[in-house]
Amino acid sequence: MLDQGSDDFVVFDKVQKSYDGQTLVVKDLNLSIGKGEFLTMLGPSGSGKTTCLMMLAGFETATHGDILLDGQGINNIPPHKRGIGMVFQNYALFPHMTVAENLAFPLEVRKLGKSDREAKVKRALDMVQMGDFANRRPAQLSGGQQQRIALARALVFEPELVLMDEPLGALDKQLREHMQFEITRLAHELGITTVYVTHDQTEALTMSDRVAVFNDGRIQQLDPPDTLYEEPKNSFVAQFIGENNSLEGTVKELNNDTAVVQLDDGSLIDCRPVNVKQVGDRTKVSIRPERVEYRSERFQEGAHLLKAEVLEFIYMGDVFRTRLRVAGRDDFIMKCRNAPDQIRLKPGETVNIGWMPEDCRALDA
Amino acid sequence: MKLTTLAAALSATALTLPAVAEDMTIVSWGGAYQTSQQKAYTEPYTEMNPDFNAIWDESSGEAVAKLRAMDEAGNVTWDLVDVEGPDAVRLCDEGLAIEVDVDEVLAAGDDGSAPTDDFGPSLISDCFIPQIVFSTTFGYRTDVEAWGDSKPEELCAVFDLETFPGKRALQRSPKKNLEWALLCDGVAQDDLYDVLDEDGGVERALAKLDTIKDEVVWWSAGAETPQLLADGEVVIGSTYNGRLFSVIEEQHQPVAMLWDYQVFDFDGWVIPAGLTEEREAAVMEFVKYATDTQRLADQAKYISYGPARASSQPLVGKHAELGIEMAPHMPTNPENAQRFLVNNLDWWADNQDDAEAKFQAWLAQ
Amino acid sequence: MSDTTTDDSPQNGPVLAADGTPLRRSLARALRRQKLRALMLIAPLLIFIMVTFILPVADMLYRSVENGIVSETLPRTVVALADWDAGGDTPPDEAVFAALAADIQIAAEEKTHTKLGSRLNYENPGMSSLFRKSGRQVQRWDLNTDGPFKEKFLDIDDDWGDIDVWRTIQTYSPAMTSGYYLAAVDMQLGADGPEMRPENERIYLKLFGRTLMMSLAITLSCIALGYPVAWLLANLPMRTSNLLMILVLLPFWTSLLVRTSAWKILLQQQGVINDILVWIGLVSDDARLVMINNQLGTIIAMTHILLPFMILPMYSVMQSINPSYLRAAKSLGATDWTAFWRVYFPQTVPGIGAGSILVFILAIGYYITPALVGGTTGTFISNRIAFHISTSLNWGLAAALGGILLAVVLVFYWAYDKFVGIDNVKLG
């Protein structure tokens with residue numbers, strides 16, 4: 001993670017958006033993006049993330065609130081004057097132009113001279129290693145190649161801000177991983193600010209400086225990837241990011257940084273209170289599968305343990321994945337690293353499971 | 001393109017089954033005229049011969065072309081065809097209609113006169129069995145303010161733009177128009193075709209027409225002039241006298257007849273060449289009945305066209321629905337026929353194409 | 001090894017199918033059967049197209065040059081006339097007239113002499129009545145005793161002494177003629193080969209030119225009117241665009257004559273538009289606009305009739321253009337106009353091309369509407385073709401005019417292919 005400039009390059013200030021005048025698609029959005037930052041808007045479809053991107057690009061107008069770019073309100077500036085580069089989900093390469101003409105287009109409309117144009121186009125093509133393809137038509141390129149050209153076209157006029165709308169959605173897994181790396185490399189090399197929209201959480205975690213998790217028109221959490229994963233602030237984020245075990249119960253005891261929750265079958269567990277206010281609150285506790293432990297020597301003194309019955313053992317190579325029945329639920333997952341000392345549990349076995357209290361977060365119900 | 005006509009004619013011939021013995025396919029013009037034929041000819045004939053069944057085809061407008069197509073395909077499906085005089089001449093020339101000896105085939109007049117004498121000048125071709133005399137003449141609006149008290153009484157009013165300003169409707173064809181133009185250019189009626197035969201004769205007629213060309217709306221279907229007169233689009237227009245009758249007497253429009261130098265035309269039957277003997281005999285029998293003195297007089301009850309037989313004239317009665325005495329509306333009525341023209345069909349057969357080419361070239365200037 | 005692929009190799013033998021026949025033959029047989037089955041499947045359609053489309057076109061092209069009638073009706077005369085010098089100023093001698101008498105006698109028996117008269121009358125006015133008149137008389141002659149015939153023919157009509165008459169017969173005696181095509185471009189076969197017709201009889205070149213220019217004008221106005229409508233159709237919400245689509249298609253469900261007559265009522269001088277203009281005082285009552293029975297009327301009425309043929313291909317092409325192209329262009333700095341002109345418009349060119357080809361070809365062959373609203377300056381070449389088919393019965397000339405029209409369309413098609421590319425045409 002790079003050290004961001006503290007200045008707020010892009011600011012959403014109390015932005016709201018409604019299409020039909022009855023429901024808000026974006027509800028009171030406040031967001032600041034630093035210069036040079038790679039920010040990802042992550043969320044399920046219909047969560048409002050694309051709408052935010054389109055408002056920033058200028059293709060949608062905010063119903064209420066201001067959007068600032070480099071300190072200047074841009075609500076009334078048409079898209080073509082915003083100087084924002086954009087990469088579209090389907091690449092939107094102009095089919096009637098060659099690759100070079102596609103790249104030259106933004107330079108032409110900016111009235112650059114011919115030699116300037118050619119130099120910049122060449123540099124941009126080299127940057128994405130597509131120098132040999134200048135005279136091809138988009139239809140003659142593979143998906144990955146088109147992706148690179150779309151990227152080069154968004155960057156060729158040297159915008160300070162680039163928006164990407166699910167740009168890797170159409171690529172296969174291997175190519176996608178490769179392009180994730182390419183995009184982040186370029187963004188950081190060129191020092192441009194990037195706003196990236198995706199519904200793929202792996203993409204969000206591996207590429208971003210910060211991730212804004214959208215749901216129901218609001219940002220649920222805005223944090224660097226590791227914080228997001230390890231310290232989700234509510235059960236939506238916990239559930240949406242990574243794999244998660246969720247157990248429901250009531251708060252029995254509440255201290256500053258520890259709490260005891262009684263699950264619905266009566267058993268007690270230790271957790272860290274995050275989103276609960278007082279004893280008696282309903283809560284969902286969240287434990288990552290890889291933080292669940294079943295070997296008694298790893299437990300703290302006096303820790304609360306749960307009885308679990310092994311339902312299924314799945315060998316996945318680097319990890320073992322064990323499905324357990326815990327507190328009346330059949331979908332509790334435990335992941336263990338495939339190490340020499342690891343035991344392969346058999347279905348039908350009964351074990352006690354537990355975890356460090358700080359790994360178990362009591363969130364909203 | 002005109003291929004469609006050809007193809008349609010071909011496929012029509014291929015698909016129509018030959019008529020059963022009692023069926024007779026009679027081709028006519030549709031509309032009020034065909035109705036008058038049904039009322040006066042086929043309905044009484046069917047009463048006498050219950051097996052007789054008339055199948056009407058409203059193709060007289062394209063009869064010549066269709067008969068030629070049928071003849072080429074070798075399958076003539078029509079038994080009796082109603083055509084105008086010039087078409088009968090052409091069909092006869094082309095060998096598409098059979099020659100008929102009227103004295104042998106048709107009934108003698110009620111007054112005992114032989115058919116040759118009774119039909120007289122209407123026997124314009126060896127293949128032609130006349131039915132009616134109709135005329136092309138002028139109708140004018142009676143409410144034109146610009147004319148003051150003057151009223152068109154002579155043909156040359158059509159060419160007099162000073163006394164009778166306003167638009168005229170003329171047929172988009174050289175026939176009749178050339179004759180009228182020469183008459184109003186000072187040529188005596190008897191010299192008309194001699195002048196037309198001279199070098200520059202047609203040109204002289206066109207030069208006369210040129211004096212009113214800017215004020216002329218050219219029609220190609222007989223129904224156009226009545227409509228143009230009724231709408232006030234034109235103030236004088238030529239059309240068939242029956243059409244004007246219906247505008248004046250049935251629709252009560254402010255229109256009056258100008259009978260001066262009406263041009264007589266004949267309409268009658270031709271029998272297609274190539275019928276089986278049996279069919280031909282049936283047709284002959286029907287034609288004999290349908291063209292006797294009483295039948296021709298009866299037809300005038302339904303439409304204001306004059307019977308082609310002299311012996312029918314005294315029998316013309318009242319209109320079947322309107323109850324008006326029909327004799328005064330007949331083109332052959334002495335009052336109306338003080339001055340009239342009959343086209344010289346031989347001259348037209350020879351010079352139609354030439355005159356047409358010059359006329360069209362003049363129109364297009 | 002090459003041996004394995006040659007089935008006449010005696011040593012190794014060809015590759016054999018399971019039943020022992022050479023594989024290659026077995027494959028060929030299987031393929032043949034497949035092809036035969038496929039052919040039988042399309043046979044009805046193939047025959048239908050042959051009978052209703054290709055044969056009539058071929059027949060038309062043949063008619064435009066066919067001229068067997070002269071040598072068939074007057075076989076002896078044509079032979080006897082071969083030695084006559086058409087350039088001189090004396091009519092042929094007795095031998096030709098005797099041959100003519102024999103020919104006409106047979107022709108009158110078969111009633112083909114008047115047919116020949118009508119045919120030759122296209123080339124030389126007067127020959128129709130000449131043959132009709134002569135046929136009647138010649139039938140009564142005795143060929144063995146009644147000669148010499150030259151005098152007798154001249155008695156029937158002086159025109160038999162006219163060199164032009166004989167020149168016409170001689171010129172048109174071959175079984176094929178270029179006469180119809182020459183006539184179709186305002187030329188004729190004179191004594192010294194092809195020459196232009198007299199100035200006041202030239203009509204077809206002018207009409208061809210007018211037909212092309214007006215079809216072009218109609219195509220352009222269809223593009224101008226159809227483009228925005230197609231754009232709306234492709235971009236409005238589904239419900240509204242469906243309604244609009246019905247409005248676009250509505251003309252298809254109305255009779256052509258009704259639509260054309262409606263334009264008459266609207267456009268004529270005492271018509272609705274003029275009445276309104278006079279009523280609001282924009283036009284004075286004695287200076288009503290002439291909007292029909294001229295080229296303007298034809299262009300308006302035909303644009304209306306052909307508009308759907310332009311809109312539908314445009315619409316289907318526009319519908320397939322992703323809206324993100326326009327957004328991409330704007331995000332790259334293009335103004336609305338630049339984005340439209342540089343990015344959207346070029347992608348709609350295939351639709352415009354398809355629509356234009358459709359409209360242009362349909363317009364070039366239209367004759368009902370120009371006949372009704374064209375007046376004298378708005379008629380098309382097709383009106384003349386219709387006239388020669390149904391009124392003058394000069395089918396040879398009609399076929400030649402149609403043949404030229406066909407050639408013009410093919411030339412346009414070729415030019416379009418060369419400059420725009422026919423693979424650049426999309427109906428959807």
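Which residue of β7(A) stands opposite A:G85? In the predicted model, the residue facing A:G85 is A:V162 of β7(A). The strand β7 of chain A covers residues 161–165 and is joined to β6(A) by 4 bridges, the two strands running parallel.

Both strands belong to an open sheet of chain A. This sheet consists of 6 strands with mixed pairing, arranged in the order β6-β7-β8-β3-β9-β10. Its edges are formed by β6 (84–87) and β10 (218–223) of chain A, each of which pairs on one side only. From one strand to the next, the twist averages 20°. In general, the strands of a sheet pair through backbone hydrogen bonds, in either a parallel or an antiparallel manner.

Chain C is divided into three parts: domain 1 spans residues 2–63, domain 2 spans 69–177 and domain 3 spans 204–424. The centres of domain 1 and domain 2 of chain C, taken over C-alpha atoms, are separated by 56 Å.

The contact between chains B and C involves 36 residues from chain B and 42 residues from chain C. On the side of chain C that touches chain B, at least two residues each are supplied by α1 (23–63), α5 (113–121), α6 (127–138), α10 (204–235), α18 (381–390) and α19 (395–419) of chain C. By class, this side of chain C comprises 22 polar, 14 nonpolar and 6 charged residues.

Notes:
Residues are numbered from 1 along each chain as its sequence is written. Chains are lettered from A and ligands numbered from 1 in the order in which they are written. This is a predicted model: local features need pLDDT of at least 70, side-chain atom pairs count only at pLDDT 80 or more; totals for chains, interfaces and linings use all residues. Two residues are in contact if their C-beta atoms, placed from the backbone, lie within 7 Å. Ala, Val, Leu, Ile, Met, Phe, Trp, Tyr, Cys and Pro count as nonpolar, Asp, Glu, Lys and Arg as charged, and the others, Gly among them, as polar. Domain bounds come from an automatic or database domain assignment. Two strands pair if DSSP finds at least two bridges between them. Axes are lines fitted to C-alpha atoms, for helices over the stretch in contact, and angles run from 0 to 180 degrees between N-to-C directions.
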